[in-house]
Amino acid sequence: MTRNDGQHTSAENGAAPASAGRHRVAIVGAGFGGLFAAKALRRADVDVTVIDRTNHHLFQPLLYQVATGILAEGDIAPPIRYVLRRQRNATVMLGEVQRIDLDERRLVVDTLGRPSEVPYDSLILATGADQSYFGHPEFAQHAPGMKTIDDALELRARIFGAFELAEREPDPEVRRAWLTFVVVGAGPTGVELAGQIAELAHRSLCDDFRRIDPADARVVLLDAAATILPPFPESLQRRAARDLERRGVEIHLGATVTGVDERGIDTSSEDPRARRIEAATKVWAAGVQASSLGRVVAEGAGAGIDRTGRVQVRPDCTLPGHPEVFMVGDLLSLDHLPGLVQVAIQSGRHAAETIVRRLHGDTTERPFRYRDKGTLAMISRHHAVASVGRVRASGFPAWLLWLAVHLLALIGFENRVAVLFSWTVAFLGRGRPHRAITAREAFARQALDSQGDAFGTARRPTTTAAR
Ligand SMILES: Cc1cc2nc3c(=O)[nH]c(=O)nc-3n(C[C@H](O)[C@H](O)[C@H](O)COP(=O)(O)OP(=O)(O)OC[C@H]3O[C@@H](n4cnc5c(N)ncnc54)[C@H](O)[C@@H]3O)c2cc1C
C-alpha cells in the first residue's frame, strides 16, 4: 500500500510484517546496543524491526587495524541480515531514521531516497556517536576521524599512500612531511593507532622501499590532556607511555590543536617541536558527540542532554515521559557511564528484558545496573595494558588477554577465523595482509564533499523529532 504523500507503509517497505496483535519493537542502530537488544528478544512474542543506515554491524574497536592493513573491512563488519538470519521474529531494514513522531509512535525512514514509515509499540534507540572536533568541524577535512569503514579505508589509503609518495619525493623536507604521521587524541583508539603506525614503519615495511627507510617515519601522538589513556590507572598509563616511546612514538601532552591544514598541524604545546608539525597524514581520535538523533528526541520529549549530546534518561534507560522509548549505548547519559562496548551491550539487553517483563505484566521500574568488566588497550605487538577489577596487567600477558577478549567479542564464527588468520600473519610474521589501496578510497571524501548536499547527507545526518 502506498500513501498519497509517496511514503510507503511498513507492510511493503521492509519493516516487520505485523502479526495480528503482536507487540512491535523498533530498534534503530545495529551497533552493539541495538544488535544485542535484538538478540535478547529472540524468544519473545514480539515483532522486531532493526533499522540501520549501513548494512553491517561494525566492531569499532578494531577499525584501526583495518586502517593499518592488519584486517580486511569485512572481518569486522558482518552484514546485519546475516547475523540475524535465524531469528525469525526479526526483520532487518536498511535506512536512515530521519524523524520520530513520539506521540504517534512511528518512525520516518529514508532508504536511499525512498521514504517510509515504521510504527512501533516500543522503541530502542541505539544510534551511537559521531566524531567531535570541539567546535572546529573544519579540522575534519585534513584530519579525518575513525568511526566508519569508509573512514578506516580512507585512512589506510592515506597512510600507505604517504610512504609511496615519500619514496618518489626528491625534496628532503617534503619527504619528511610525507613520513610524518600525527594522531590527535591519546585515549585507547589514538594509542592503538599510533602504536600500529610505528610498528608498520619499523617492522612491516622495513624491506619494501629502495629510496626511503620507512623506519625514519615520525609518529606523533598529541593530546590536550596531561596524560595518555585517561580511563586507566596511573601505573598503566606510565607503562603504556614508556612502551610507545620505545617503539618510536613521540608523545606531546597538554597540546591543544589550534589549526589543521593540508601540510600540517598547529598546537598550543610549550614544546617547540610540537607547536607546528609539518605532516601530510593527520588523524583525529579525540572526541565524540552523541548521534544527532539523541538531541532531537530529547528536544521532542523535553529531556535534558549532557555536554556530549547524550540523552539524560530515567534510571531504567527510558526517555522521561515516554516509558516506551529506551536510549542505549553511546546515546545514554546515566550515572556518568562511559561510551564503551559493554555499556552498550548491557543497556541494550536491559531494554529488551524490560520490554519482555512488561509484556508479562510486570511494570515495575527496574534501574539499569552496569557491571564493569574492565578496560584493555593494545600498545603494539606483544604489548598491551589491562585493568580488570583489581587486577592490573601489562606487556605480553595483557596482550594475550587483549587478543582473547577481542576475538571472543567479534560477531560470527567466520569473522573470528578470518581475524585469527590475519593476526597470525601480522603478529607472528611481519606481514600486513590487507595493504591494497585505491584512489577511490583516498579521494572519495573530497569527491562527495564537492557534490554538496545531494551526496553529503550520509555524513550530515538530517534527523528530527516530533511530539
Ligand atoms: C575507533 C573506535 C575504537 C573504540 N574502541 C573501544 C574499545 O576498545 N573498547 C570499548 O569498550 N569501546 C570502544 N569504542 C566505543 C564503542 O565502539 C562504542 O561505545 C559502542 O560501539 C557503542 O555502541 P552503540 O550501539 O551505542 O553505537 P554504535 O556501535 O556506534 O552503533 C550505532 C549504529 O547506529 C547506526 N545509525 C546511526 N544513526 C542512524 C540513523 N539515524 N538511522 C539508522 N541507523 C543509524 C549506525 O550506522 C551504527 O550501526 C571505540 C569506538 C571507536 C569509534
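Which residues have the most contacts inside the largest nonpolar core? They are Val-50, Leu-125 and Val-328, and the core to which they belong has 135 residues.

## Basis of the description

This is a predicted model, in which local features need pLDDT of at least 70 and side-chain atom pairs count only at pLDDT 80 or more, while totals for chains, interfaces and linings use all residues. Residues are numbered from 1 along each chain as its sequence is written.

## The nonpolar core

A nonpolar core is here a set of buried Ala, Val, Leu, Ile, Met, Phe, Trp, Tyr and Cys residues joined through C-beta atoms within 7 Å; a residue is buried if 20 or more other C-beta atoms lie within 10 Å of its own, exposed if 12 or fewer, and partly exposed in between, with C-beta atoms placed from the backbone. The largest such core has 135 residues, and helix α5 (residues 149-168) gives the most to it, with eight residues. Because domain 1 (23-131 + 289-371) and domain 2 (137-286 + 374-449) both give residues to this core, it lies between them.

Val-50, leaving aside its neighbours within four places in sequence, is in contact with Ile-27, Ala-30, Gly-34, Ala-38, Ile-80, Leu-84, Ala-90, Val-92 and Met-93, where contact requires C-beta atoms, placed from the backbone, that lie within 7 Å.

The division of the chain into domain 1 and domain 2 has bounds that come from an automatic or database domain assignment. The C-alpha centres of the two domains lie 30 Å apart, and 22 residues of domain 1 are in contact with 30 residues of domain 2. On the side of domain 1 that touches domain 2, α3 (63-67) and β8 (129-132) each supply at least two residues, and the largest share, four residues, comes from α3. Helices (H or I, at least four residues) and strands (E, at least two) are DSSP runs, numbered from the N terminus.

By class, this side of domain 1 has 15 nonpolar, four polar and three charged residues, with Ala, Val, Leu, Ile, Met, Phe, Trp, Tyr, Cys and Pro counted as nonpolar, Asp, Glu, Lys and Arg as charged, and the others, Gly among them, as polar.

## Strand pairing

Three strands form an open sheet in the order β21-β22-β23, with antiparallel pairing; two strands pair if DSSP finds at least two bridges between them. β21 (375-380) and β23 (391-394) stand at the edges, each with a single partner strand, so one side of each is left without a neighbour in the sheet. Five bridges join β21 to β22 (residues 383-388), and Met-378 stands opposite Ala-384 in β22. Helix α12 (residues 395-409) lies across β21, β22 and β23, running at about 75° to β22; axes are lines fitted to C-alpha atoms, for helices over the stretch in contact, and angles run from 0 to 180 degrees between N-to-C directions.

Elsewhere, strand β9 (residues 180-184) and β10 pair in the parallel sense over five bridges, with Val-182 opposite Val-220 in β10. Strand β10 (residues 218-222) is mostly covered, four of its five residues being buried.

## Positive phi in two loops

Phe-134, in the loop between β8 and α5, has a phi near 50°, a positive value in a residue other than glycine, and is exposed, with 12 other C-beta atoms within 10 Å. Cys-317, in the loop between β17 (311-312) and β18 (318-319), has a phi near 75°, again positive in a residue other than glycine, but is buried, with 26 other C-beta atoms within 10 Å.

Terms used: Two residues are in contact if their C-beta atoms, placed from the backbone, lie within 7 Å.
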